Amino acid sequence: MLSGCGPQKVENSADEQVTLKWVFLGPGEQRDSQKVWDKFNEELANYLPNTTVDFECISSTDYAEKWKLASASQEDLDIVWHGWMIPYASEVKKGSYMELDELIDEYAPKIKEEIPEVIMDKQRVDGKLYSIPCMQQMVSYVTSLDFPIDLYEKYKDKINPEELSAFFSAKETMDKESWDKIEEYIKLLKDGGDLPRGVFGFQSHVEKGYEWISDPYKVKAKGDDYTPINLYRTPEYKTFVEVYADWFQKGYIRKDVLTAENVGTEDYDVKGGVNYLVGQGYMPTQSEIDTKKASGSTAYVKIPFDDNHYIPYMASASNTAISVNSKHPERAMQLMALMNTEEGKDLYNLLTFGIEGEHYTKVNENEIQPIGYTSQPTSESPYGQFRFATGNSFNGYEIYMEDKNPIYENEFIKKINEEAAPSKMRGFTLDTDPIKMELAQVTAVVGEYKKSLNSGAAADPMGLYEEFQQKLIAAGDDKIVEEIQRQIDEWRAGQAQ
């Protein structure tokens, strides 16, 4: 090994020539994909001699189906992306991925220095590691109460973001008092003649205080209650149905909510937001306000409903694994180490953003301006990959924005991750095989009733709600809860030993 400034590089050796097949999520093949990938292989020789990579970039619409076919045919793959559209524990139990603990210890120990144990543990099944999380935002999302900036400016003497945030953060879950507090501001705007577009987007607020086990099954995120429950059978969901039906009757929700084609895609006078990051500030930046206005839209003032985050136990949304069919797992792990540690950040940036001067221009040492796109690359871009799918995004460039919101800054997100507490379910893995039929049946029932109940527009909302409850029970809800509880109890007993 050579040491000194910059990344450590491997001297040429007599190792056999190896070509690794790497399949990952992205915008699909672009004009300059092969040019960049050839350049990547040229640079890779300085780090891993006698190693080249055959890349395949698959779009999100095709990924699940292509992976299913590749897995069924036992295709010779080495490095594979795993993400939200493929059930993680089920894929592991099928034997699709290799165990990684020993490979990391021998070939990639630096990964453990850059990826915290609490985040790495999200990828464990039955205590064993099967993939590397692509580092990005790893904390729980926070819901929010959102006001368009122009309406906030008009009513700001009656809206105190700090006081409202403190009020909602003190609530463990969404009780009736929380909904009443929101309604105070809806009524304020309506009485002032400023509610023509109405209210939208508070359905996800029902999840406040709960953590997913397997949607729609949850447990309380805090405390010693480990009882699983279907979100649609919680007291909070019943309260939500009652509140939304009342709001619909009062004219807070558009009358054509069930039939209009653009529901959810336009601006609203009061909105329930998600994905808020604690600490980013309530106000949109001026550049965000200007950009939204230029596009005919509006920026929102966001008031968060929680004052802290936790790191959910469930597998990360974007990960890299080694296929069980890999013939060169040692070399694959060495490459994964480069893509997830500072040592290989130049390779990460090359694969993700392309060649300087052709696919991006450097603004400073940390920020770039892509050529052909502004934030997320598409198949029409000359080149660019999804930074969350190629490795540790914290070792990559940031995309330059004037007056940048902190949510786009690597150091801010890293700090949020570091300050978050781990889930009380850390280390648990649900095996859905014993209840897969019932889960499918419950999912079908939810799909049948959710839209009407979540709109507030049902003719007989509480009658429909009761019918929904009975359909869930008939679909096997009680059996699912019983099985999840059995597995949780078994896991907790093992933790106590």
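A salt bridge here is a side-chain nitrogen of Lys or Arg within 4 Å of a carboxyl oxygen of Asp or Glu. The model is a predicted one, so local features need pLDDT of at least 70 and side-chain atom pairs count only at pLDDT 80 or more, while totals for chains, interfaces and linings use all residues. Residues are numbered from 1 along each chain as its sequence is written, and side-chain values use heavy atoms, with hydrogens and water left out.

As for confidence, the protein chain averages a pLDDT (the predictor's confidence in each residue, from 0 to 100) of 93, and 97% of the residues score at least 70. Residues 1-14 are another matter: pLDDT stays under 50 there. For that stretch the model has 22 contacts (heavy atoms within 4.5 Å) beyond four places in sequence.

Back to the charged pairs. Side chains of opposite charge can pair when their charged atoms come close. The count comes to 43 salt bridges. One of them joins the side chains of Lys154 and Asp194, at 2.7 Å from N to O. Lys154 sits in helix α7 (residues 149-155) and Asp194 in the loop between α9 (176-191) and β8 (199-200), so this pair ties together parts that are 40 residues apart in sequence. Helices (H or I, at least four residues) and strands (E, at least two) are DSSP runs, numbered from the N terminus. Asp194 is buried, with a relative accessible area of 13%; buried means under 20%, exposed over 50%, and partly exposed in between, using a 1.4 Å probe and protein chains only.

Glu184 and Lys181 meet in a salt bridge at 3.8 Å, N to O. These two are three residues apart in helix α9, so about one helical turn separates them. Glu184 is partly exposed at 44% relative accessible area, and Lys181 is partly exposed at 21%. Lys362 pairs with Glu365, the closest N and O atoms being 3.6 Å apart. Rolling a probe the size of a water molecule over the atoms shows where empty space is left. On a 1 Å grid over the protein atoms alone, a cavity is a set of points where a 1.4 Å probe fits but cannot get out, and a pocket is an open set with protein on both sides within 12 Å along at least five of seven lines; lining residues have an atom within 4 Å of a point. Grid points are joined across faces, edges and corners, and a volume is the space filled by probe spheres set on the points.

The second largest pocket has a volume of about 500 Å³. Its lining is made up of 23 residues, and Phe394, Asn395, Gly396, Asn410 and Glu411 are the ones nearest the centre. The elements giving two or more residues to this lining are α5 (111-114), α13 (345-353) and α14 (410-419). Helix α14 supplies the largest share, five residues. By class, the lining of this pocket holds four nonpolar, seven polar and twelve charged residues. In this scheme Ala, Val, Leu, Ile, Met, Phe, Trp, Tyr, Cys and Pro count as nonpolar, Asp, Glu, Lys and Arg as charged, and the others, Gly among them, as polar.

There is one cavity of 30 Å³ or more, and about 40 Å³ of space lies in the largest cavity.

A few backbone details are worth a look. Most residues other than glycine have a negative phi, and most peptide bonds are trans. The peptide bond from Asp215 to Pro216 is cis, with omega near 10 degrees, and Pro216 falls in the loop between β9 (210-214) and β10 (217-220). Gln74 has a positive phi, near 55 degrees; this residue is in the loop between α2 (60-72) and β3 (79-83) and is exposed, at 55% relative accessible area. Asp126 likewise has a positive phi near 55 degrees. Its place is the loop between β4 (124-125) and β5 (128-129), where Asp126 is exposed at 57%.

Finally, Leu277 lies in the loop between β12 (270-276) and α11 (286-294) and is buried, with a relative accessible area of 2%. Leaving out residues up to four places away in sequence, Leu277 touches Gln137, Val139, His309, Ile407, Phe412, Ile413 and Ile416.
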